[in-house]
Amino acid sequence: MSRVIFHLDMDAFYASVEQRDNPALRGKAVIVGSPPTQRGVVCAASYEARKFGVRSAMPSVTAGRLCPKGVFVRPRMTAYRDESREIMRIVAESNAIVEQMSVDEAYIDFSDVIRAQVQSEDSDELLYAAVPVARDLKERIAFERGLSASIGIAPNKLLAKIASDFKKPNGLTLITERDKVEFLRPMPIRAIHGVGKVTEQELNRVGIQSVGDLQDYPGDLRAIVGSFGPRLKQFAFGDDDRALELGDDVKSISSEETFLHDTADRKLLRKCLQEQADEISAKLRRRQLGAHTVQVKVRYSDFTTLTRQISTEEPLVESADLYRLGCFLLAREKLVRRPLRLLGLGVSSLREPSWRQLPLL
Ligand SMILES: [Mg+2]
C-alpha cells in the first residue's frame, strides 16, 4: 500500500533557538558550547559558523581558531527540550503518526490523512497532495515558534530523510516513486541508510562511488558487504519497507568498570575512558547509530554514585568525540577529586546519523 512519509528536521536547532531569543545573535556565527578560553566543547553551531568548519563535539579552542568572529553561547538544554515539545505538539495536531527521532527530528506518516483527502491509491498523486500539507506545517512552525524547518516528502523513510537533507535550511523536497531511481543516481553512497565509513571503503574498492554505480553493479553485493547486500540493492533503488517505530523505549549503550582498588590516577582513568569510548563507538557503528547524549558515571568509596551528561545537536559516532566529551564532563564537574571505585561512560538519545554529519574520510 502506498505511503506518504515526511521527515521533519529543524534547521540548526540549538543555534536557531538562541538567535530567535536574542536578536543580537541573528546573522552571526553562533557557536553553542563552552567559551574558547575554557577547555570545553561545541554542542552546536549556526549555519554562519558551519561555513567556517565548526561542528559538534569539536574542542571550543579549535572552533575559536576556525571562526574568530564566532559568538559563543552557553547551551540551554531545558529551553531546547521545551521548544522541542512545542514543535512536536504542532506536529501532533495534524493527526498523523509520529516517530520522534531526537529533539528536532521526526518521521511523520501522513498516509491515512492524505488518503482521506485524495481518495486515490496512486502513490505519486498522494505524494503531490502532501506538498501543501508540508508547507502548512513549516509555516505554522515558523509562525508559532519563529523557527525554520526542512521537510522531505517521500514514499518511505529512506527517501524522506534523504529529501529533508537535500536542501537546507528551509527546504521542502519531494521524491516521487517515478523519480526516485534518477534522484538517487548522483548521490554519494554515504547518503544511503546503513552505509558507514567501512562499507563505503569496501564499495569504493570495487569502483562504486555513487548510488548510480550501486544500481548498475552487475555482481552480487553480498560478496562485498555480506548479508546487507540485498537490502543495500533495494535501498539503492529507493525501496524501503521499514515501518515507523512507535513507543518511547529509551535506548542507550554504556560501559563501566569497577576498579580492584579505588583510584584517582588520571592516566589510568583516561585509558579506561578511552577503552570505553572505543567499545561504545564500535557498537554504535554496528547498529548504524549516532548518539546525541554522552554520560559519565562515577562511584566513590562510600558508594555515592553520580552521573553527569551533555548533549550535542548532531549525533556522535567517533570514539574520539565520545572520549573528549567524557573527559570534559569529568573535568567540568570535578568528579575525580576523590578516588573512584567505578568509572562508566554511556550514550543515549540514539538515532541514525545524517550522512552530511558523518566525518569525512
Ligand atoms: Mg536538525
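**Group meeting: rings, metal and cysteines**

Let me start with Phe166, which counts as partly exposed because its relative accessibility is 43%; buried means under 20% relative accessible area, exposed over 50%, and partly exposed in between, with a 1.4 Å probe and protein chains only. This is a predicted model, where local features need pLDDT of at least 70, side-chain atom pairs count only at pLDDT 80 or more, and totals for chains, interfaces and linings use all residues. Residues are numbered from 1 along each chain as its sequence is written, and side-chain values use heavy atoms, with hydrogens and water left out.

Now the aromatic pairs. Rings of Phe, Tyr and Trp (its six-membered ring) pair if their centres lie within 6.5 Å; planes under 30 degrees apart are stacked, over 60 edge-to-face, and the rest tilted. The count comes to 6 aromatic pairs. In one of them, Phe166 and Phe183 are tilted, 4.9 Å centre to centre with 55° between the planes. Phe228 and Phe235 form an edge-to-face pair at 6.4 Å and 75°, and both residues are buried. Phe13, Tyr14 and Tyr80 make up one aromatic cluster.

Next, the metal. Asp9 (OD), Met10 (O) and Asp104 (OD) coordinate the magnesium ion at 2.2 to 2.4 Å. Donors are N, O and S atoms within 2.8 Å of the metal (3.2 Å for Na, K and Ca); water is not among the atoms, so the site may look incomplete. Asp9 and Met10 are buried.

Last, the cysteines. There are 0 disulfides, a disulfide being a pair of cysteine sulfur atoms within 2.5 Å.
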